[in-house]
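The sequence and structure come first.

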Amino acid sequence: MDRLKNLSRASKDNLITYAMVIVAFVVMQALASMHAISSSMIGLLVPITAYICLAISLNLVVGISGELSLGHAGFMSVGAFTGLVAAHILAPMVANDGLRLMLSMVVAGGFAALAGVLVGIPVMRLQGDYLAIVTLAFGEIIKNLLNNLYVGFDGALHFSMKDTTSLGMNGGKVLINGPQGAVGIDKLSTFTAGFLLVLFTLFVVTNLVDSRSGRAIMAVRDNRIAAESVGIDTTKYRLMAFVVAAALAGMAGALYAMNFSSIVPKKFDFNTSILILVFVVLGGMGNIRGGIISAALLTILPEKLRFIGDFRMLIYAVVLICVMLFSNNAAVRMAIDGLRERFTRKDDDAALADDVKGGGAHA
Amino acid sequence: MGFITNLINGISLGSVYAIIALGYTMVYGIAKMLNFAHGDVIMVGGYICFIAMFNLGLPPIVAVLLSIVGCTCLGIVVERLAYKPLREAPSLAVLITAIGVSYFLQNSALLIWGADPKAFRSVVDLPSIKLFGGQLTVSPISIVTVLACVVIMVGLTLFTSRTKMGKAMRACSEDKGAAQLMGINVNTTISMVFAIGSGLAAIAGVLLCSTYPTLMPTTGSLPGIKAFTAAVIGGIGSIPGAALGGILLGIIEIFAKAYIGTQLADAIVFAVLIVVLLIRPAGLLGKEIHEKV
């Protein structure tokens, strides 16, 4: 108990986040086993966990490191497709599905980290909106390259940028078929695996933030020149945040892809990057718990709005605009503060009135 | 002749990008925001022109004017309702709002006009021009597009350098606080920029749909992103830069499609952006700002 009391505020905050994730998992798992939630909701469970991981990892770039990245889905897709290939190759060697998923996620994370380094080195030379547009460009380039990539496996891997016939395969299976993407995926992802990945992502990001490197990253965010002048290698720390986020996004991508029987490169376009960014901004930049909550709510919201049919995305857009307007508007903020003050004063007045009445009765 | 045909197509597509990029660059220059909804204004402009021409049977010139007026109003309304309340907010909040507006416009178009593509007919109903004994065909819409781009370029340059409003715009983009102290109405100026940008987007929409005649709720998004890329290549905030970047991008895209492959053309366009920014971080004609402690 004493140890719990002596924890720093940041660690307490992290504990609350972990507890929230664990409770949510247990509740959802219980509800699912009691058939208390609809099948469409159950279908959403793995995507929700994947989006939560993406939101946490993007928060590391946008919130903690302070760089606007508009190409996060690119790393997700690198992870998704390398993960699928790894899972297929590992199939005869690893019998256990959970272990196979884990190993493929590690491969996916590795390749996404590699992509993160390759993209990050040029990107980190830029700042602000220019950095944002270049990450957007890289996201689109990754999508276009994957749209032209053909990969087959017949005991050895075959690659082509032209078509499936030029793969030159002897039997085997075409794993990635250009714009058609991957089909016949082994659905290895489970809600439990997603939950464990969320915990892992949380663990990596919270520990990074609370470390010496994390403090350096935030120092660079708050004042780059001041950080540089005390001897912090700004490029190194910005790149570190970027690459770690890319690796985590790749793992989430692998989880996401292996939840479906087929997946196309077009799924991971600019709109998906924006979707993840919306989670982060609505949850509050740098606020990891907020990002988790908004990722979960905003993935469920369009599903729950399905009954209004075509109006669903319109409502989503209106909600998005209104939330931004209300949470950032000075007048609204002042009005809320004013209301709060008024209510508290009313309470005070009521208490005062009670006192007076009470006094009267005594007399 | 194939080379010249491609070059003409490239310049024509580039002129459309340039017109869109001008809108982007002006809004960025003054409001310092990435207006992701700009591409969707193009689409709305296309639809207004389509409805006016084919459903109401108005002559093309009236339809184009109607489309410009409609988009200008749309731009002003969007600015008033969505962006003006956020003038003091962090830039990311404005960005997300712009994305919200973009979703809103796309989905409204989807509800009003449906998802199936509309076949747009060119607003310029003239026969193609044949040169060199029929070896080279130039479509009249290409000529109109390039002319429109030149006229808009010259007009905007004169407007920003000669008129009082133009000077106010430049003052606001340099220092809003100081401009306000000099008696410039910053809010009106920003509204004006949005109005001009959206009007240009309408023209671009009509020209784009006349050249590539399919009109869908998502028609504007990719040209919007590419025009934004063009604005950044040219140096965002600079009017000649936007035109230069747009035309360069159009030529590169058409040549990449012709000689390398349709699928990879977009990747090449974005790769050019990255290379340009690595060599000149402020774009081709952008001002380099040195940070001070």
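1. Basis. This is a predicted model, in which local features need pLDDT of at least 70, side-chain atom pairs count only at pLDDT 80 or more, and totals for chains, interfaces and linings use all residues. Residues are numbered from 1 along each chain as its sequence is written, chains are lettered from A and ligands numbered from 1 in the order in which they are written, and side-chain values use heavy atoms, with hydrogens and water left out.

2. Confidence. The model has an ipTM of 0.84 and a pTM of 0.84.

3. Chain A overall. Chain A contains 14 helices and three strands, taken as DSSP runs numbered from the N terminus (helices H or I, at least four residues; strands E, at least two). Of its 363 residues, 50% are buried, meaning under 20% relative accessible area with a 1.4 Å probe, protein chains only. The C-alpha trace of chain A spans about 105 × 60 × 50 Å along its principal axes.

4. Core. The largest nonpolar core has 209 residues, and A:Leu70 and B:Tyr83 have the most contacts inside it. Such a core is a set of buried Ala, Val, Leu, Ile, Met, Phe, Trp, Tyr and Cys residues joined through side-chain atoms within 4.5 Å. Helix 3 (residues 39-64) of chain A gives the most to this core, 17 residues. Beyond four places in sequence, the contacts (heavy atoms within 4.5 Å) of B:Tyr83 include B:Met33, B:Val101 and B:Phe194.

5. A buried serine. A:Ser160 lies in strand 2 (residues 157-160) of chain A and is buried, at 8% relative accessible area. Leaving out residues up to four places away, A:Ser160 touches A:Asn148, A:Leu149, A:Tyr150, A:Ser166 and A:Leu167.

6. Helix 10 of chain B. The 21 residues of this helix (residues 239-259) should span 30 Å at 1.5 Å a residue, which agrees with the 30 Å between its end C-alpha atoms. At its start, a side-chain oxygen of B:Ser238 comes to within 2.9 Å of the backbone nitrogen of B:Gly241. Its buried residues, among them B:Leu249 and B:Phe255, pack against helix 1, helix 5, helix 9 and helix 11 of chain B. B:Gly261 follows the helix, with a positive phi near 145 degrees.

Key. Expected span 1.5 Å × (residues − 1). Polar contact = N/O pair within 3.5 Å; in protein donor to acceptor, adjacent residues only side chain to side chain.
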